Structure formats: structure tokens, C-alpha cells
Amino acid sequence: TALVNMYGKCGRLEDARSVLDKLHRWDAISCNAMIAAYCQNGHGKEAMELLRHMQREGVKPDSTTFVCILDACASMSALTEGKLIHDSILANGFESDVVLGNSLINMYGKCGSLEDAKNVFDKMDKQDVVSWNTLIGAYGQNGHGNTALELFGQMQQKHVKPDSITFISILSACSHAGLVDEGCEYFVSMGTDHGISSTAEHYGCMIDLLGRAGLLDEAENLISNMPFQPGAAEWGALLAACRIYSDLERGAHAAEHVFELESKNAAPYVLLSNIFAAVGKWEDVAKVRNVMDDRGAKKQPGCSWIKVNDKVHEFFVGDKLHPQLGQIYAELWRLCKQMKEAGYVPDTKAVLHDVEEKEKEEILYAHSERLAVVFGLIATPFGTPIHITKNLRVCSDCHTAIKFISRIVGRKITVRDANRFHHFEHGLCSCEDFW
């Protein structure tokens, strides 16, 4: 078990699994070590397969097993599997375990099922500060900032003492909902009313809050006046805001700071390229790409996935590999025509290539999240909600397009991207276009 744990923490999963498979007898402790290794290294599917295997071998899972598996379900937005694990937890008599209850809230929240998350919370014999933090965070990530703040008020009425994580959840909820005044008040009260010192993460939330709201001067001043040296996260939050508001000079300044701190992180190069591309500075776009290549920063390809009939379907931009590609593109072009008739205008500024407008539109149409949504439409019965996950931030044009699609097809479409949830219905999004 110690070897499995050691190899897992070093990321050597094949070696860890080899050690586990050579054990004469499995027990919950050794299996938990392997499941944890899978989860920590982003292999949630393998973690769930191992759970099924250990159950076939007669090894009874314990609470630690379920905590690890729920984390895997959360990371993959695997709601169906998460509900099955919830049933197993109840069947194994762990319903009163606070840690498991918190893991269930987290899983449901990260699968976009707030009703289930709240039901688990309400049925817990006792909620601790982690329970409250997790539920507040879930509502914030799903765009329900005001509800998150109401929960914080209830938390105080119950005399549950907030901690540093509570305020990260609160400030993040304010940021996603555009609650600038409220966020500023909580940031101040954190120290004055609760005696909690602000960390870099709290400052990062505030910079993100101010930046998203277009208060770029205030965001930059906050960075300058931080009581400690700002890191890549703080400068990155300002850079992301500069991309939204096309602030070229400030964005370039923020990017240079991020490059100094994380030269191999591709995200700031892509954000700066976005800013240059939006104003047609293609030579500068090329220069940023060359610097990125010289420094060995590798851009993570955008990928979206959807689960249909127990099978996960992955899509990349311009995908040419899916077996139903012909049907997907035929439906996509049909929808594009209807969208344009309804008033949709492609935002070609989101394309980082110096090509003709028509080609830019075609690039946008083939983005991974759009392909995943369209596949969901043709592969599921009419009226079935569509739930997709994307590894990066959803692009602005796809966000607009999916709003139109939700209205045209009369379906609820949920997109979980790298930052938050977007719940599309009747042509609107839960984020209210503030993201």
C-alpha cells in the first residue's frame, strides 16, 4: 500500500497499478490508495472502474473510498455516476458521515445540480463550516450570487464561524454575479468583523471582481497596494479583464508580469494574443506566438465532452474524427441558418487568425463546445437537457450561439467550463452575460 501511495504521488500510475495487481489480497486501504492516485492525476474514469473491480472482488468500500470517487465524479461532471455512488453510500450506512455529506454537496454542485446539493445539505444531521462553504461555492459557481450571500447570512444566524475559505467562496460568488459593492463590503468586513487576514487568493478574487466589472483602474491600484508581492494569479486576473475590455496597453503590462513569473504557462500568451487580434494587430499576434514557442509554452487544445448512453464523446475544434460527423455538421449548418434569421451575428474577433471573414465564421462554427451541443441534440430525444463540459473558458461567440440554439430547439443546455457553469434556457443564460 505504501508503494502504491508513493508511486501515485509521483504520478507513476502504471507502476502504482502494477504493485496493486501483484498483491495477493486487496483490501480497502490499498484500493483507496490507487483510487486516490487516479483522482489526483485526473483519471476519474479509471478510478470508477477500479471501484467496480474491487466490489466484484468482494472488497467493501469505506468512507474514504467514497470521498475519492465523489471527487472523481465532480471533476468529470459525472452526475449519473455520482447519484449511483450516493445510493451506495446510503446502502452502506454512511448517511450520517459529515465528510461524505460535504463531498456529496461538492459533487452535486460541480455537476450543476444545485437542488440535489441543497437536499443533501438540508438532510445532514449537522453542518460544519465546510458544508456551508461548499454550498455557498456551488451557488456562486452556478451564477446564483445573491443566493450565495443569503446562505452566508443563514450561516451567521446559525452561529457557524466563517473561515478564510468562506470569504473566498463569497468573493468568488460576487465576482461571477457582478456584485461589486457587496464584494467590497465583504472584503473589508472579513478583517474588521471576523478577524480574518486577507490572503493572495482573497486579493485575486477582488481583482477579478473589479476587472470583470470594467473597473480596471481600481483593479490595477489594488494590485499595486497589496501588502505582499502580487503573483501570477493576480496579474492574470487583470490580464483576463483587459481581454474582455480590449485594454491593450494595460493588458501588455499585466502579461509581462505573468511571463516573468510563469514563462511556460500558455494561458497569458493566448490572452494577450486575443487582445491584439481583437484590434487587428496581426504582427503582434505572430510575435506573441513566436515568444510562446521559444519559451516552450504549450497551448492546451480546447476540448468539450458530452456523455450519451453511458459513452463519453469528446470533441476538439474542427473535429474530423467523430463517426457521426456528417450528421453533426448538417445539423450545425441548419441551426446556423436559423440563428442568423433570428438575429445572430458571428463575433469574428474571437478568431485568432488573419483570414477572411467567411473563414473566420467557419472556424467559429467548428468550436468544440458547439460540436458537442449539436451532437447532444441529434443523439438524445427531443426535450432532453444537454450537459457538456469544456476544459477551457467557453468562447464569447459560442456563448451567444448557444443562447440562440437553446431558444430555437427549446432545450435546456448546461455548459461547465474551466471557470463556472452556464445554464442556457429560452435564449438566456444564468450568468446574465456577466462572465
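**A guided tour by selection**

Ala252 counts as partly exposed, at 26% relative accessibility; the term covers the range between buried, under 20% relative accessible area, and exposed, over 50%, computed with a 1.4 Å probe on protein chains only. The model is a predicted one, in which local features need pLDDT of at least 70 and side-chain atom pairs count only at pLDDT 80 or more, while totals for chains, interfaces and linings use all residues. Residues are numbered from 1 along each chain as its sequence is written, and side-chain values use heavy atoms, with hydrogens and water left out.

Ala252 lies in helix α16. Helices (H or I, at least four residues) and strands (E, at least two) are DSSP runs, numbered from the N terminus.

Select Asp247, in the loop between α15 (232-245) and α16 (248-261). Is Asp247 buried or exposed? Asp247 counts as buried because its relative accessibility is 19%. When residues up to four places away in sequence are not counted, Asp247 touches Leu216, Cys242 and Ile275; contact means heavy atoms within 4.5 Å.

Show α15 together with helix α17 (residues 266-278); their axes are 9 Å apart and the angle between them is about 25°. Axes are lines fitted to C-alpha atoms, for helices over the stretch in contact, and angles run from 0 to 180 degrees between N-to-C directions. The angle makes α15 roughly parallel to α17, a label for angles under 35 degrees, whereas over 145 counts as roughly antiparallel, 65 to 115 as roughly perpendicular and the rest as oblique. The two helices, α15 and α17, have a left-handed crossing, in which the near helix is turned anticlockwise from the far one by less than a right angle.

Which residues of α15 and α17 meet? From α15 they are Leu239, Ala240, Cys242 and Arg243, and from α17 they are Pro268, Leu271, Asn274 and Ile275. By class, this contact of α15 with α17 has six nonpolar, one polar and one charged residues. Ala, Val, Leu, Ile, Met, Phe, Trp, Tyr, Cys and Pro count as nonpolar, Asp, Glu, Lys and Arg as charged, and the others, Gly among them, as polar.

Move to Asn102, in helix α7 (residues 98-110). Asn102 is buried, since its relative accessible area is 8%. The side chains of Asn102 and Ser131 make a polar contact (2.5 Å). A polar contact is a pair of N or O atoms within 3.5 Å; within protein, one must be able to donate a hydrogen and the other to accept it, and residues adjacent in sequence count only if both atoms are side-chain atoms. Leaving aside neighbours within four places in sequence, the residues in contact with Asn102 include Met124, Asp128 and Thr134.

Finally, select His426, in the loop between β5 (421-425) and β6 (428-429). His426 is not a glycine, although it has a positive phi of about 55°. At 61% relative accessibility, His426 is classed as exposed. Glu432 is placed in the segment after β6. Its phi is near 55°, a positive value in a residue other than glycine. Glu432 is exposed, with 69% relative accessible area.
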